[in-house]
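Q: I have a protein structure open and I am new to this. Could you walk me through how to read it, one feature at a time?

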Amino acid sequence: MISYFIKQILQKRITHINYLTKYPNEVQQKILYNLIKKAQKTEYGKKYGFSSIHTYSQFSSQVPIVVYEELFPYIERIMKGESNVLWNSKIQWFSKSSGTTNAKSKFIPVSYETLYECHFKGGKDLLSFYINNYPDTKVFTGKGLTIGGSQQINPLNTTSKTYYGDISAVILKNLPIWTKIYTTPTLKVALMDKWEHKIEKIAQETISQNITNISGVPTWTVILLKKILEITKKNNILEVWNNLELFVHGAVNFEPYKPIFQKLIPTNNFHYLETYNASEGFFAIQDLPESREMLLMVDYGIFYEFIETQYNETLNPKIIPLSEVELNTNYSIVITTNSGLWRYKIGDTIRFTSLNPYRIKITGRTKHYINAFGEELIIENAEISIANACEKTNAIFSNFTAAPFYFEENKKAYHEWFIEFDKEPENIELFTETLDNALKKLNSDYEAKREKDLALQKPYIHVLKKGTFYEWMKTKQKLGGQNKIPRLSNDREYVTDLFQFIQKQKNI
């Protein structure tokens, strides 16, 4: 009965979402004006004259585009207990995000409004879409396993406690009490920060439970599922959880991981649902089961603007609202949120695959790319190509990073790839050739640079033994949460460090 009533409530939301998709630009305009009104008396609002802003044109001319470093002095003051700096309500939670192995952490303010009007609403909506697509689902007859991050007290403020953790931990810590009926593991285990022990504890705690759905980053989910099979001695996960039907994922491109999941969960009745949920907000959800495109959610208290990626680093780039975007153009995202992020460049790039309704695909990061030789290689190119190469050589990809090898005396330039496989290619030469050809097909600039090996030679691939990336991240105390392998780098900082680590391992 409880399952029935939950499904009825969630299905009503679909009607409202359908209405929003008909009038997205009007919804966005209303959100912008509400955000400006609420923040008029904040320090930031007074500085940039929010009280005099009545149009988008005024907003775009008076309020500057910022990156994290420019907003951090304000955020730091909020972390120390100051109020009314960027947003009008008290902020006690911060999402800690690093995104790469070596980068310094970022602390993103998470207001009460962002928790309830954005992240929690996103969680409800993804279930609404799932129920709408699969009305006979039994997902509520068991528990949802969430593989979250860690949380701790922020030491910058000793008088009024503020907290930080990765966004999944912040969400878990603030979930309503009633949700504990449907979620696992216990909060104590879910928020452990030692990932090796955490995976073991999650496995032991959930093995005997009726798990119907899993949410998490694919990398850590695979590690957990393999640990469970190791403990139970079963052949696949359905022998442990026979009612498992859904995996909700995000943060990285899932396609290269899908063969691993299909091996661990061998059934055609298992479903995958992608979300775009970042530290800064919940942005989009896969609403159609047959397509990896995601519906941009326009009523989560976020106002969207966009910059064509090719103009991202220019002095005065043209910035446009949602109503002016075009199909199949690579855009950098700029957001204004109900946590006080004002015209904030989050560093992600997307392209629109549909304008009615607005659907998107994530194409990469503004700072994760290779353009050492004018090839403008983005993450989407790399991940599609590596998936093609895996398919042709019967391989299963696990993780990778790539960087340019620059011209040296008597040596031409090339891209150097470090790849870890769950199942290695039957023919590494064929794998390299397929990867190279796929990159040429997807990227005309790369193809031009590869013409007759004049600017670039074919890629050079290092096949790493299993567990290399895990151990490398472990040495940097960067296991779990928002920490991810940098897929592409425009310099050799990461690959040099990784190569040195590999050499040390060989000499042990």
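The dialogue below goes from the whole chain down to single residues.

A: Happy to! Keep in mind from the start that this is a predicted model.

Q: How many helices and strands are there in the protein?

A: Start with a count of the elements: the protein has 16 helices and 21 strands. Then look at overall size. The C-alpha atoms fill a box of roughly 60 × 55 × 50 Å along the principal axes.

Q: Why is the protein said to be as compact as a globular protein of its length?

A: We compare its radius of gyration with a rule for globules. The radius is 23 Å, close to the 23 Å that the rule gives for 508 residues, so the protein is as compact as a globular protein of that length.

Q: What share of the residues is buried, and what share of the contacts joins residues at least 24 apart?

A: Buried residues make up 54% of the 508. As for contacts, take those between residues at least 6 apart in sequence: 68% of them join residues at least 24 apart.

Q: Which residues touch the most other members of the largest nonpolar core?

A: The general idea is that in soluble globular proteins, nonpolar side chains tend to be buried together. Here the largest nonpolar core has 74 residues, and Tyr-44, Phe-306, Trp-342 and Phe-352 touch the most other members. Helix α5, residues 68-79, gives the most to this core, with six residues. There is also a second, separate core of 67 residues, which includes Ile-199, Tyr-272, Ile-370 and Ile-396.

Q: What does Phe-352 touch?

A: Leaving out residues up to four places away in sequence, its contacts include Leu-296, Phe-306, Leu-322 and Tyr-358. Phe-352 also belongs to an aromatic cluster with Tyr-276, Phe-283, Tyr-304, Phe-306, Tyr-331 and Tyr-358.

Q: How many aromatic pairs does the structure hold?

A: It holds 38. To read a pair, check the distance between ring centres and the angle between planes. The rings of Phe-247 and Phe-254 have centres 5.9 Å apart and planes at 50°, so this pair is tilted. Both of these residues are buried.

Q: Which residue lies over the face of Trp-195?

A: Lys-198 does, at 4.3 Å from the ring centre.

Q: Is Leu-10 buried or exposed?

A: Compare its relative accessibility with the cut-off: buried means under 20%. Leu-10 is at 10%, so it counts as buried. Leu-10 sits in helix α1, residues 2-22. Not counting residues up to four places away in sequence, Leu-10 touches Lys-124, Leu-127, Ser-128, Ile-131 and Phe-140.

Q: Let's end with a polar residue. Where is Asn-213 found, and what polar contact joins its side chain to Thr-212?

A: Asn-213 is in strand β7, residues 211-215. At 13% relative accessibility, Asn-213 counts as buried. A polar contact of 2.9 Å joins its side chain to that of Thr-212. Beyond four places in sequence, the residues that Asn-213 touches include Val-139, Lys-143, Leu-244 and Leu-246.

How values were computed:
Residues are numbered from 1 along each chain as its sequence is written. This is a predicted model: local features need pLDDT of at least 70, side-chain atom pairs count only at pLDDT 80 or more; totals for chains, interfaces and linings use all residues. Side-chain values use heavy atoms; hydrogens and water are left out. A nonpolar core is a set of buried Ala, Val, Leu, Ile, Met, Phe, Trp, Tyr and Cys residues joined through side-chain atoms within 4.5 Å. Buried means under 20% relative accessible area, exposed over 50%, partly exposed in between (1.4 Å probe, protein chains only). Helices (H or I, at least four residues) and strands (E, at least two) are DSSP runs, numbered from the N terminus. Contact means heavy atoms within 4.5 Å. A polar contact is a pair of N or O atoms within 3.5 Å; within protein, one must be able to donate a hydrogen and the other to accept it, and residues adjacent in sequence count only if both atoms are side-chain atoms. Rings of Phe, Tyr and Trp (its six-membered ring) pair if their centres lie within 6.5 Å; planes under 30 degrees apart count as stacked, over 60 as edge-to-face and the rest as tilted. A charge sits over a ring if NZ of Lys or CZ of Arg is within 6 Å of the ring centre and within 35 degrees of the ring normal. The radius of gyration is taken over C-alpha atoms; the globule rule is 2.2 Å times the number of residues to the power 0.38.
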